[in-house]
Amino acid sequence: MTEKSDVLILGAGAAGLAAARMLKKAGRSVQLLEARDRPGGRVLTHADPRCPVAIELGAEFIHGEAKTTRRLLDEARLAYYDAGGEQWRAQAGRLTRAEKFFERIGRVMKKLDKEGPDRPYADFLAEKPGGRRLAQDRVLSQRFIQSFHGADLSIISAHSLAQQGDPAEDETVEKTGRVIGGYGPLIEYLARDLTDDIAYNHIATRLEWQPGRVRVTAKAGDRTRTFEAERAVITLPIGVLQAPAGETGALQIDPDPTAIRRAIDLLHPGVVLRVALLFHERFWESKHLPGLPQHGSLEDAMFMHTPRGRYTIWWTQHPVRAPLLVAWTGGPPALELIAMGEAGMVEAAVDELATEAGIAPRRITGQLLGSWVHDWSSDPFTRGAYAYARPGGARAPQALAKPVENTLYMAGEAVASKVANGTVEGALAAGEQAAKQILDGG
């Protein structure tokens, strides 16, 4: 038996839920197919009775102004806050304030050529822009782009980075917030009125279409089911859309739209790794850490940069006082750590925190209550973190945002504008944009 609706939505992540809510409110029937047994996609909030705050294993921050996110949080009556604090640097047991961090990165990135032929950022760095004067700043920019974008410098487009401008002036970098209770409650709110419209554990394998008609085949355990609609919204991550036919989660589109496929191939799934570490107490706030300068304190620290470590940056829950630290890295260093397995990732995080911050390893392990990791790159239904552009792909998100024959619509963080790509805001806004395009198209 074939299930029929007005609009089929592949994926019940933030983008799919946002699109479905808007369409349903407008009187359209929707059917969401979700490969997992839960909504949210790369939003994964964990609660532990030992921890006074939500433990995010996926999306965590509100980036910048984030109008759509804040509107929906207000609508759901969920509280959120700005997450400012000091930035510190830890290296070889010495702790210092990280002065003008983004300004220093900006000095290098301002030298990017926006007009010439596009190329990988690594090729730009190989020319040593700024000479000896900016040598250390180039290292900072390398670490920042690997970490913030989850990127391999030999792949990421220099033009795409140039278009994003000076990170010191980018509110998605500088201004961050958090949701009290994590993003999980927002996902629950978005999915609340869609209970009967979401088919969980349904892996879409084939999408056949012609103008005004879509047919999707999905695997649900041992069964194969078919769904039909006039239109489809595809919110699957770029890594999944690039998966070879026959692999778990891969989707075959027939016929495969040339413009969409070209845009997908010009993007690359990032690799990021976060390790959440829960401790008995906030021992890093002690005024007696050996590496601190005189009268120094990490009491108001939010970020701690570790320039030599495989983990690029650490953050606290500041201004909330909670005994939770998060270690983060991206790009090739993240791949190396992921290959070590979960126990190896945690052990490496503890070792690097001890070495770089000048804290006795026994003190850290003695304080450790629990640790959490999720490998998004090996997850067959994500196959990576948020996407970044390859050379020639700086405008790929705009190409993906264009409907195909008023029948196929793309949504998700990879379709978002440069202001919000790679964020929850980008996913939510792209989902609502696809819904508006459908409603405007009749």
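Predicted model: local features only at pLDDT ≥ 70, side-chain atom pairs only at ≥ 80, totals over all residues.

Modeller: Residues are numbered from 1 along each chain as its sequence is written, and side-chain values use heavy atoms, without hydrogens and water.

Colleague: How many helices and strands does the chain have?

Modeller: Helices (H or I, at least four residues) and strands (E, at least two) are DSSP runs, numbered from the N terminus. The chain has 15 helices and 24 strands. Its radius of gyration, taken over C-alpha atoms, is 22 Å, close to the 22 Å that the globule rule gives for 442 residues, so the chain is as compact as a globular protein of that length. That rule is 2.2 Å times the number of residues to the power 0.38.

Colleague: What percentage of the residues count as buried?

Modeller: Buried means under 20% relative accessible area (1.4 Å probe, protein chains only). Of the 442 residues, 58% fall in this class.

Colleague: Which strands form the open sheet of five strands, and in what order?

Modeller: Two strands pair if DSSP finds at least two bridges between them. The order here is β11-β3-β2-β15-β24, with parallel pairing. β11 (198-199) and β24 (408-410) are the edge strands, each pairing on one side only.

Colleague: How many bridges join β2 to β15?

Modeller: Four bridges link β2 (residues 7-10) with β15 (residues 231-234), and the two run parallel. Ile-9 has Val-233 as its bridge partner in β15.

Methods
Buried < 20%, exposed > 50% of the residue type's maximum accessible area, 1.4 Å probe, protein only.
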